[in-house]
Amino acid sequence: MRFTNVGFIGLGAMGKHMAEQLATKLPEAAKIFVFDLAKPAVEELAAKYPGKIIECTSPKHVAENSEVILSMVPEGAHVRSVYLDETNGVAAIDLEKRILIDCSTIDLATSLAVKQHLTEHHPSASFYDAPVSGGTLGAAKGTIAFFLGCVESDPLFNTLTELLSLMGSKVIACGGPSLGLSAKLCNNYLSGLIAIASAESLNMGIKAGLDPRVLSNVFAAGTAQNSICDRFNPCPGIVPDAPSSNGYQGGFKVQLMKKDFSLAVDLAGSVGATLALGQRGLETYQAASNDPECVDRDSRVVFRYIGGDENWAQKFQR
């Protein structure tokens, strides 16, 4: 496909960067039709990319002008509204041969219900779940990963990969409808636990007299090596461009981790998987989300929540 007319719905912390990646990488003649309930986000992008990014008044308006439509919204209720609202939703028009890609992280039941509705009422349209990982930093750099709910033999897999690769560095076919979401929830469950464990270990080390820079090097060299410490270290001042080193601003909000972690715990319950740490992890993110010193900050703010020493540098001068 030439991707001449692409739609993008949802210009939040991730979606805005993803739409900008498309604006800079799609052919000059391509148009990107965007919508978000927050009008300033739409107006900002339209002004930044005049003639390339076009403001729309509703998801329906986006669908009327686009051959491929991507969505990136916070919750299942929003996805249902974007696609199924009878007046202003994407499915309010004839979706002949449209490709629809939802990059939101939501519950499996909602995604499958939207797909079922579209299959029944718009059989020539194709709907895929394609949640992402990599955070706002990855979205801004174009290095996020997409977990695609289809098999590699899907006739549209190459087309989907070509488009999604404009916004990210990796596209993984996860096996079928909703399995992209299952993969994302498993990933965020593990990522969330690693963040808590990393924060606890760093805090423990500082209290024991270890410079957290040294301890982070130990982790990187040993069996505890993980991308959270390497790229998003919960302790401020270790990784300069990590949210923790900037007042925990940017990144993946702790409330969103609470949401995803809760969805993962629900998924485990629905498939009969035992979680030894799930409930404690969920309680931690719930409490941090309600802490005035942590809310609206990057999820690695759990270091602050558990009482980590953010002024450690005064003790370990080099």
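These legends walk through several close-up views of a predicted model. Local features need pLDDT of at least 70 and side-chain atom pairs count only at pLDDT 80 or more, while totals for chains, interfaces and linings use all residues. Residues are numbered from 1 along each chain as its sequence is written, and side-chain values use heavy atoms, with hydrogens and water left out.

**View 1. The six-stranded sheet.**
Let us start with an open sheet of six strands, paired in parallel and ordered β3-β2-β1-β4-β5-β6. Strands here are DSSP runs of E with at least two residues, helices are runs of H or I with at least four, and both are numbered from the N terminus. Two strands pair if DSSP finds at least two bridges between them. At the edges stand β3 (53-55) and β6 (126-129), each of which pairs on one side only. From one strand to the next, the twist averages 20°. Axes are lines fitted to C-alpha atoms, for helices over the stretch in contact, and angles run from 0 to 180 degrees between N-to-C directions.

**View 2. Strands β2 and β3 with helix α2.**
Three bridges pair strand β2 (residues 31-35) with β3 in the parallel sense. Look for F33, whose bridge partner in β3 is I54. Helix α2 packs on the sheet, touching β2 and β3 (contact means heavy atoms within 4.5 Å). The direction of α2 makes about 140° with that of β3.

**View 3. Helices α1 and α2 side by side.**
Here α1 (residues 15-25) packs against α2 (residues 39-48) at an angle of about 20°, with the axes 11 Å apart. The two helices are therefore roughly parallel; angles under 35 degrees count as roughly parallel, over 145 as roughly antiparallel, 65 to 115 as roughly perpendicular and the rest as oblique. Their crossing is right-handed, meaning that the near helix is turned clockwise from the far one by less than a right angle. K16, A19 and E20 of α1 meet E44, L45 and K48 of α2. By class, the residues of this contact are two nonpolar, no polar and four charged. Ala, Val, Leu, Ile, Met, Phe, Trp, Tyr, Cys and Pro count as nonpolar, Asp, Glu, Lys and Arg as charged, and the others, Gly among them, as polar.

**View 4. Helix α7 across the six-stranded sheet.**
Helix α7 (residues 157-164) lies across β4 (68-71), β5 (99-102) and β6. Relative to β5, α7 runs at about 55°.

**View 5. The three-stranded sheet.**
Next comes an open sheet of three strands with mixed pairing, in the order β7-β8-β9. Both β7 (132-133) and β9 (168-173) are edge strands with a single partner, so one side of each has no neighbour in the sheet. Strand β8 (residues 144-148) runs parallel to β9, joined by five bridges. F147 has I172 of β9 as its bridge partner. Helix α8 (residues 179-207) lies across β7 and β8, at about 135° to β8.

**View 6. Helix α8 meets helix α9.**
The axes of α8 and α9 (residues 212-221) come within 9 Å and cross at roughly 130°, which makes the pair oblique. The crossing is right-handed. On α8 the contact uses S201, L202, G205 and I206, and on α9 it uses P212, L215, S216 and F219. Five of these residues are nonpolar, three are polar and none is charged.
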